[in-house]
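Welcome to this guided tour. Open your viewer, get ready to select residues by number, and follow along one stop at a time.

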Amino acid sequence: MAADPASGHVGATRLKDVVVTGTRTEKARDEAPVRTEVVSTEELRATGAQTLKEALANINGLQLQELHGKSGYSLVMQGLAGDQVLVLIDGLPISASTGSSVDLSQYLLSDVERVEVVKGAASAQYGSAAMGGVVNVITRRPATGVQGAIQMGVGTRGRQNDSGKRMSAAVKQLQAHVQGGTENLRGRLAYDRLSDQGFSPDPSGWTRQGDRIRREQATGRVFWQATAQTGLSAEFGRYEEHDLQRFTTFVPPVRVPQHKTEDIGRNRLALGGRHRFGQGAVLDVRGVNEDYKTHSQTLSNGVRTIDRHSQQRMNHLSLQLDLPPVQDQQWQVGADLHREALAQTQNGKSELQADGKVRRHNQELFLQGDLFLTPAWELVPGVRWQDDSDFGQHWAPKLAVRGRVWQQADDSLTLRASVGQGYRVPNLKERHYLFDHSALGYKVVGNPDLNPESSTSFQLGAVLALGRQWTVDVNAYLNRVKDLIETDRDNAREENGISVYTYDNVARARTHGVETDIVWQPDARWRIDAGLTLGRTRDLATGREIAQRPRRIARLGVDWQATETTQLTVRVRHQGSELSDTASNLRSDPWTVVDLNLQQGLTPDLSAFLRVDNLFGKQRDFSQTHQLGPISGRMVMVGLRYGFGGNE
């Protein structure tokens, strides 16, 4: 069940913020022993974010990376890829769109209260796939009374519109929700629709660098306070996506026009209950069932060449018991049960080495303590045990400490440190997939003998607060990874002239760096947030840096409340040079984009907005395949938002 609403901004936020992800219990953000970064309701509104990908774009140090062959993005955190970052909705997992990576573009935001991010190994708290960190989406808890809002917007990419007409409506957005009820029984309905006609620097040609996409998401939530001690909740969500890609493939001596369509559907049902016992004990039980289906077709010169169906099913049950406080200690114990299955066919033939579905399941137990050594120092030990159906038992410990070493009035200096182990069991595709691209000269075959990945993560940070105007947050990290799973390109075998690759535990890696965030809030009208991350990665097997990991990421945010009804938000994102791939040794150029969002209140219930993404139109050179800069150029959107029942 989601925590109560909290407010704030990205980076160092207001002291009253409440977070839950770092320790699985509610903590004031500035008192949490595990560093947690927050994208708040205010930040989501101020930037006009529509997807989870856009919500995370301005968190310091996070890198958004394109999914190969798909219209979406995964997350790179402290040099570790999307497969190694766990994405949760109210503490429960969401299905990966490809491999183990969640497509961040496939979760829309009208039902979201805030997003919490914990960097570094969190497997002791959350199990497999959390070796690089955790993103936890906290949804809105239904409110009493009757409230609601509707927001509509239309946008254009100018001459890059699919139609070639500068003023045509290339992007359309609709968000709506209504909620209400009593203290004992209340509910919420939310709906999102986002459509994009696609784009190209040359709309007269066949190729589209930006795909045509339509995304729709509907969610319904009910909360019932059955007794003074017991609350129950239920959620149903439906997501649909329809994509069209247009591209060419070089078949000497000509380039053959091709297109690919993909239809995606996700059904999600989550149930939860919380009961408070005497003496402060709390039992929290939550479960989710999710079906994720895709159907894609690839056509060459109008002739269908690939017809692929994929279905994933995921079930997860989580139990957590917070024990009554004993002196200066608070302990929690819990258990997780997880099951998943995968079936995939191409042209009617299974793409898995096993005919039909492949499955795995695991059961886990965890224990975590919160020990107050002194009024200023807090220690959080934790450990998780997992028994996997295919990989047996594994232990993951973690130890975090927080201490306030100096405080005088509103000035303070707080230290945080943690060391923990992360791990990830190979996903079903890595073990069983048969990726047959014989027409292009290669196959990738799953390896059922893979070992789990593991890591050791060290985090050391300090937060200096000077009154209510200045906050300086510095965090150093070191991650050591072994048995990293990759396609083993050095040991391909030849079969009838086709190169056959497989996955293997071929790499050991190290990532390290420093993240710095400075917030200056001189008065109630201004807020400036600047962040810089300097990082290095190293493949310890080859001694080379890991591809597509920029050495420098910088963020700048400026919020100006010009009048009581006028707010201007500026977000600047910079990404330094990065190695495109190890084979070519070519590097992608650094890039910087600037986003603007202007909101103007018209009446107490009605407001207008103007959003400009990529103000200066910075865009990669698509003729240079090693360039990894922004895909989309400038996009301008205007819209209206109407709220009732005090929702605004």
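Which side chain meets that of Asp-284 in a salt bridge? Select Arg-274: its side chain and that of Asp-284 meet at 3.1 Å, N to O. A salt bridge here is a side-chain nitrogen of Lys or Arg within 4 Å of a carboxyl oxygen of Asp or Glu.

Before moving on, please note that this is a predicted model, in which local features need pLDDT of at least 70 and side-chain atom pairs count only at pLDDT 80 or more, while totals for chains, interfaces and linings use all residues. Residues are numbered from 1 along each chain as its sequence is written, and side-chain values use heavy atoms, with hydrogens and water left out.

**Stop 1: the salt bridges**

Stay with your selected pair. Strands (E, at least two residues) and helices (H or I, at least four) are DSSP runs, numbered from the N terminus. Asp-284 counts as buried, at 9% relative accessibility, whereas Arg-274 is partly exposed, at 24%. Buried means under 20% relative accessible area, exposed means over 50%, and partly exposed is in between (1.4 Å probe, protein chains only).

Now select Arg-212 and Asp-162, whose side chains form a salt bridge of 3.2 Å, N to O. Arg-212 is in strand β13 (residues 212-225) and Asp-162 is in the loop between β10 and β11, so this pair ties together parts 50 residues apart in sequence.

Next, select Asp-473 and Arg-35. Their side chains meet in a salt bridge of 3.4 Å, N to O. This pair links distant parts of the chain: Asp-473 is in strand β27 and Arg-35 is in the loop between β2 and β3, 438 residues apart. Asp-473 is buried at 8% relative accessibility, and Arg-35 is buried at 15%.

**Stop 2: a charged residue without a salt bridge**

Select Asp-192, in strand β12 (residues 185-196). Asp-192 is buried yet has no salt bridge. The nearest side chain of opposite charge, Arg-188, is 8.0 Å away; here Lys and Arg count as positive and Asp and Glu as negative, while His and the chain ends are not counted.

Which side chains make polar contacts with that of Asp-192? Select Ser-110, at 2.4 Å, and Gln-175, at 3.3 Å. A polar contact is a pair of N or O atoms within 3.5 Å; within protein, one must be able to donate a hydrogen and the other to accept it, and residues adjacent in sequence count only if both atoms are side-chain atoms.

**Stop 3: an open sheet**

Display the strands in the order β3-β8-β9-β6-β7: they form an open sheet of 5 strands with mixed pairing. The edge strands are β3 (37-39) and β7 (92-93), and each pairs on one side only. Two strands pair if DSSP finds at least two bridges between them.

Select β9. With β8 it pairs in the antiparallel sense over 7 bridges, and with β6 it pairs in the parallel sense over 5 bridges. Find Val-134 in β9: Val-118 stands opposite it, and Leu-86 also stands opposite Val-134.

Is β9 enclosed or open to the outside? 7 of the 7 residues of β9 are buried, so this strand is largely enclosed by the rest of the structure. Gly-133, Val-135, Val-137 and Thr-139 point one way from β9, and Val-134, Asn-136 and Ile-138 point the other way.

**Stop 4: the nonpolar core**

Select Leu-52, Leu-56, Leu-75, Val-115 and Val-135. Of the 23 residues in the largest nonpolar core, these touch the most other members. Such a core is a set of buried Ala, Val, Leu, Ile, Met, Phe, Trp, Tyr and Cys residues joined through side-chain atoms within 4.5 Å. α2 (52-56), β6 (85-89), β8 (112-119) and β9 (133-139) each supply at least two residues of this core.
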